Amino acid sequence: MIRRPPRSTLFPYTTLFRSGSLTEVDPAVSAALDAETARQRDGVELIASENLVSRATLEAIGSPMVNKTVEGYPGGRYYGGAEHADVVERLAIERTKQLFGASYANVQPHSGSQANLAVFLAFLKPGDTILSMDLSAGGHLSHGAGPNISGKWMNAVHYGVTADGWLNYHDLEAKAATHRPKLIIAGGSAYPRAIDFTKFRFVADEVGAILLVDMAHWAGLVAVGAHPDPLPHADVVTATTYKNLRGVRGGLILSARDDLDRKLDSAVFPGVQGSVILNAVAAKAVCLGEALRPEFTDYAEAVLANARTLAATLVGREVDVMTGGTDTPLLLIDLRQIGLTGAEASDALEAAGLTANKNGVPGDPQPPQVTSGLRFGTSAGTARGFGEAEFAAIGHGIADVLESMVASTRGEVAARTRSRVTEMCERFPIYPSG
C-alpha cells in the first residue's frame, strides 16, 4: 500500500505560480545552466550547427505558450483554446514564405531530420530507392545513412565526391541512371561548396525523381541572396531554424509548388508528429521576423565572409582545408597529413577555448567516434560580433594548437591561445546581465 504523506507536508499546488526561482527550486539544474552560459560567454563557438539566439527568442521559447497543446493546423485544430496558437503559427508560416519566396511552408517539424522524414513519408514507401550524398563525403544521417531510420527503411544509394573533395556530378548521373531512384537529395552536413541545383534538377527529371534539397546549413545565406537558391529547382526544400537562421532548434519544409500542401501537411501531422511544440513555433516566428530585417542581410553576408577568411587563414598556415575553401558557413579540414585524429584535435582546441567538432572526411580510415577531420562554422561567432580580423586570429589560434600537438608544446600554446580567446570574448560579450 502506498502511503501519501500528511497533507501538511505536500507541496502546496496553489503556490506553484508564486514559487521561487530556479536557483531556489532546483539548484543542481540552475548550476548546470549557469555553467553552460558561462561556457558560451567565455569561449569561441565553432560548431557549424550552433548559433546564439536573441533575448526575444529566449523569451518566446520560455513563454507560457509551453503550456498549450494543439494538434492539426491553424483554423483546423483538434483541441480548443487555440486562437493564440493559430496567430503565432500563421505568423511563422507567412514569414517563412516571405523570407524564402515559397508558396508553401510548414513550421511544425521538431528538427531538420524530422522534416526530412516527413518528406520521405509524403513520397516514398519502405524499400523505395533514394539517392543522396554519402555520409563519408559530407552527407547527413537522415539522408539514408545505415544507422538511421532513413537507411533502414529505404534502399539508399549514395553519390560521392572527387579525390579533392568536390561533389562528383558524374557519379550522381551514373548512380541515378543505374538505380532509378524515386527521390534524390542534394545537400549535406559537411560539404562546404555551393551545389549546382540546375544539374540536380536535370538528373531528377531524367529518371522521374522527386528532388529534395536540404539547405539546413546555408538557409540564412539563401534568405538574403548570398547563396544559390534551391527553391526554383527543387520539389521540396527542408531547413532548420537554428544554424545561420539564428533561431531555436526546429525544422521547416518549403516548396515553390502549389500542389503539395495537403500531401506534405498530412505527412507532418498526423504522419510523423503529434502535437505541436508551440513555444518553439512562437520562437521560430521571432527568429524569422528578425531574419526579415535589413540588418540580417549584413549578418548573413558576414557569416560567409568570415568563413572564407577562416578558410584562407588556415590554408595560409598549410592546414589541409577540403576543396581549398568554402561557399557556405562551414569548412572541413583533413588532419591525416599531420598525423592527428579529429577526436584528439577537438579536445585540444576545446582546452584552448575553441569549440569545434570532430568530423569524418572522404576516405576516412578512422571510425566515427575518432575521425580524421574537424568541421568549423562561423555562424555563432559572427552573431556575437566577430568580423574577419577576429576570424583570422581564430584561424591562427587553430593552427597554433594543431602545430603544438605535433611539436609536443601543447600545454603552453593552449594556455596562450586560451588567454587570447578570453580577451576576444570579453570584447564581444553575449547575454550581458541587466
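**Entry 1**

I began with an open sheet of four strands, whose order is 11-12-15-14 and whose pairing is antiparallel. Looking for its edges, I found strand 11 (320–321) and strand 14 (357–359), each of which pairs on one side only. I note here that the model I am reading is a predicted one.

I then followed strand 11 to its partner, strand 12 (residues 330–334), and found that two bridges join them and that they run antiparallel. Within this pair, Asp320 stands opposite Asp334 in strand 12.

Next I looked up which helices pack against these strands. Helix 12 (residues 294–316) lies across strand 11, strand 12 and strand 15 (373–377), and I noted an angle of about 15 degrees between helix 12 and strand 12. Helix 13 (residues 342–351) also packs on the sheet, where it touches strand 14 and strand 15, and its direction makes about 45 degrees with that of strand 15.

**Entry 2: helix 4 against helix 11**

I turned to helix 4 (residues 83–100) and helix 11 (residues 278–291), which pack at an angle of about 35 degrees with their axes 8 Å apart. The crossing of helix 4 past helix 11 is left-handed. On the helix 4 side I listed contact residues including Val88, Leu91, Arg95 and Leu99, and on the helix 11 side residues including Val281, Ala285, Leu288 and Gly289.

**Entry 3: Phe120**

Is Phe120 buried or exposed? With a relative accessibility of 3%, Phe120 counts as buried, because the limit for that class is under 20%. I located Phe120 in helix 5 (residues 112–123), and then asked which residues it touches, not counting those up to four places away in sequence. Phe120 touches Ile130, Ser142, Ser150, Met154, Leu183, Ile185 and Leu212. For one of these, Leu183, I also looked up the separation: Leu183 and Phe120 are 63 residues apart in sequence, and their C-alpha atoms are 8.4 Å apart in space.

**Entry 4: salt bridges**

How many salt bridges does a search of the whole structure find? The search gives 20, and I followed up three of them.

In one, the side chains of Lys199 and Glu173 meet at 3.2 Å, N to O. Since Lys199 belongs to helix 8 (residues 197–207) and Glu173 to helix 7 (residues 169–179), the pair ties together parts that are 26 residues apart in sequence. Lys199, at 25% relative accessibility, counts as partly exposed, and Glu173 is partly exposed as well, at 28%.

In another, Arg257 bridges to Asp235, with the closest N and O atoms 2.8 Å apart. This pair links distant parts of the chain, for Arg257 is in the loop between strand 10 (251–255) and helix 10 (261–272), while Asp235 is in the loop between helix 9 (219–223) and strand 9 (236–240), 22 residues apart. Arg257 counts as partly exposed at 27% relative accessibility, whereas Asp235, at 8%, counts as buried. I also noted that Arg257 and Asp235 belong to a network of salt bridges in which they are linked with Arg201, Asp205 and Asp259.

The remaining pair I looked up is Arg420 with Asp400, whose side chains meet in a salt bridge at 4.0 Å, N to O. Arg420 lies in helix 16 (residues 410–427) and Asp400 in helix 15 (residues 388–407), so this pair ties together parts that are 20 residues apart in sequence. For Arg420 I wrote down a relative accessibility of 48%, at which it counts as partly exposed.

Conventions: Residues are numbered from 1 along each chain as its sequence is written. This is a predicted model: local features need pLDDT of at least 70, side-chain atom pairs count only at pLDDT 80 or more; totals for chains, interfaces and linings use all residues. Side-chain values use heavy atoms; hydrogens and water are left out. Buried means under 20% relative accessible area, exposed over 50%, partly exposed in between (1.4 Å probe, protein chains only). Contact means heavy atoms within 4.5 Å. Two strands pair if DSSP finds at least two bridges between them. Axes are lines fitted to C-alpha atoms, for helices over the stretch in contact, and angles run from 0 to 180 degrees between N-to-C directions. A crossing is left-handed if the near helix is turned anticlockwise from the far one by less than a right angle, and right-handed if clockwise.
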